[in-house]
Structure formats: C-alpha cells, structure tokens
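Dear colleague,

I am passing on the structure we spoke about, and I would be glad if you read the notes with it open beside you.

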Amino acid sequence: MRINRINRISRNALPATALAAALVVTGCGPGTTAKGGAPGAKGAAGSALAAVDQLTVKGRAPKTGYSRDQFGKGWSDTDHNGCETREDILKRDLKDVKLKDKCDVSSGTLAHDPYTGQSITFKRGASKIDIDHVVALSDAWQKGAQQWDKQKRTAFANDPLNLIAVDASANRRKSDGDAATWLPPYKAYRCTYVADQVAVKKKYGVWLTDAERTAMKSVLDGCRDQKLPAG
C-alpha cells in the first residue's frame, strides 16, 4: 500500500471562488510550478490530471439527511481479516508498531505526517493521530453518495484508498472541505493528496463542483506526470 501522502487555506477566510484562484499560486511542492491556464490543462494517459476530465461536474447537493451512520456505524472489517479498518490503516502507515493484541495498535510513530510533514508519536488513549477520509464523507454525501445503498457507502468509508493516518489538528481544520476549500499545510504532498482524491472520486463516481475541478487542475498542472493511484 502507498504511504506517500498539503499551505492551509482557511475555509472561513475566503469564498470558494477566491480559494480556487489562490490555489493556482500555491504549487505542488519542491520542483514544481503551477502554470496559468490550469483549468484547460491536459495530462498524459494514466495521470491524475487526465483523470480529472473524466469526472462529472455538477453543483453541490444539500447536506440534508447526512450523518456518519449513513456510512456504517464506526469502523468495519470489510476485508474480513478480523480487524477493524482503523487498526489496519494504523499498522500500514505507522512505523515501529507495537500491538496490544492481534488487531489493536498500542503505539507507533507517524514518521512523516502527510498533512504537516512532522513526526508524530502514537500512543493508544492519548493519540494525536486521526484516520482521515481523503474524500470526506460529508463531501461525498453532497456529491452523489446519498443516492448509494448502505453497502456501497460502508465500502467507501472503509476503503484504504480513501484513508490515511494524519495529524489530528490538521484533520479537524480540514473538516469536510474539498480541494477548492482546503489543502494540507505540507506543500510537497499536495500533488499526491489531490491525485488520491481524484482516484477515490473516479472509483466511486463522486462528482466535482466547478470550483473543485479548477482547484484540482491548478494543483496537478504543476505535476503533470503524477500518476493516478490504483485501488
């Protein structure tokens, strides 16, 4: 599994259209430069940039009826390995993992947090690490998921492609933001982050807003060779 997981923009500071424009100048990290005219940029076959054009663009639906339980009650064991998905992701993303039992992680280190670039120690019961949905459940709900059955929503919420261990405070600042309203503070991860969002939305048929599409292409225009992750 991949563990390659960026300048936070306050969702309350600017409207979505201004935020999307701001993302054009934020870049994807070292060695990349966002170019003008990104909304019309075309990527090579198999790239995340090319995949953006394959996604449906529509307006955001109302949030009416959303709750976490619409995606299953807590974490599930969708791969039937006997452990909840949260523990699977901790074991995948942390280093020096120590187990409390067969499934539960008691401690470990997130050596390079994808959202901040910092090293974070995990200790069960006093954790500063969240398991984040790269595409937030509420965002998906407003862009197609309310039309799915419960089985598909549960699969979405527990799909490792859509899950990463991250700094808890950064995750809370993200809330249910999409690429038009929030990017992780760690700039070098932005291309990977957006590519992951594109992959998840493509896999499940989650649509984009126009502002989100513009923001995604603005980021990925600076890293046109960024591959679309498989999953």
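Predicted model: local features only at pLDDT ≥ 70, side-chain atom pairs only at ≥ 80, totals over all residues.

Residues are numbered from 1 along each chain as its sequence is written, and side-chain values use heavy atoms, with hydrogens and water left out.

The structure holds two disulfides (a disulfide is a pair of cysteine sulfur atoms within 2.5 Å). One of them joins Cys83 to Cys103, with an S to S distance of 2.0 Å, and because the torsion about its S-S bond is about -80°, this disulfide is left-handed. Cys83 is buried at a relative accessible area of 4%, and Cys103 is buried at 12%, where buried means under 20% relative accessible area, exposed over 50%, and partly exposed in between (1.4 Å probe, protein chains only).

The other disulfide is formed by Cys191 and Cys223, whose sulfur atoms are 2.0 Å apart, and its torsion of about -105° makes this disulfide left-handed. Cys191 counts as buried at 5% relative accessibility, as does Cys223 at 13%.

Asn158 is buried, with a relative accessible area of 2%, and its side chain reaches the backbone nitrogen of Ser76 at 3.0 Å.

Finally, helix α8, residues 210-220, is mostly covered, since 10 of its 11 residues are buried, among them Glu212 and Arg213; helices (H or I, at least four residues) and strands (E, at least two) are DSSP runs, numbered from the N terminus.

With best wishes

Terms used
Polar contact = N/O pair within 3.5 Å; in protein donor to acceptor, adjacent residues only side chain to side chain.
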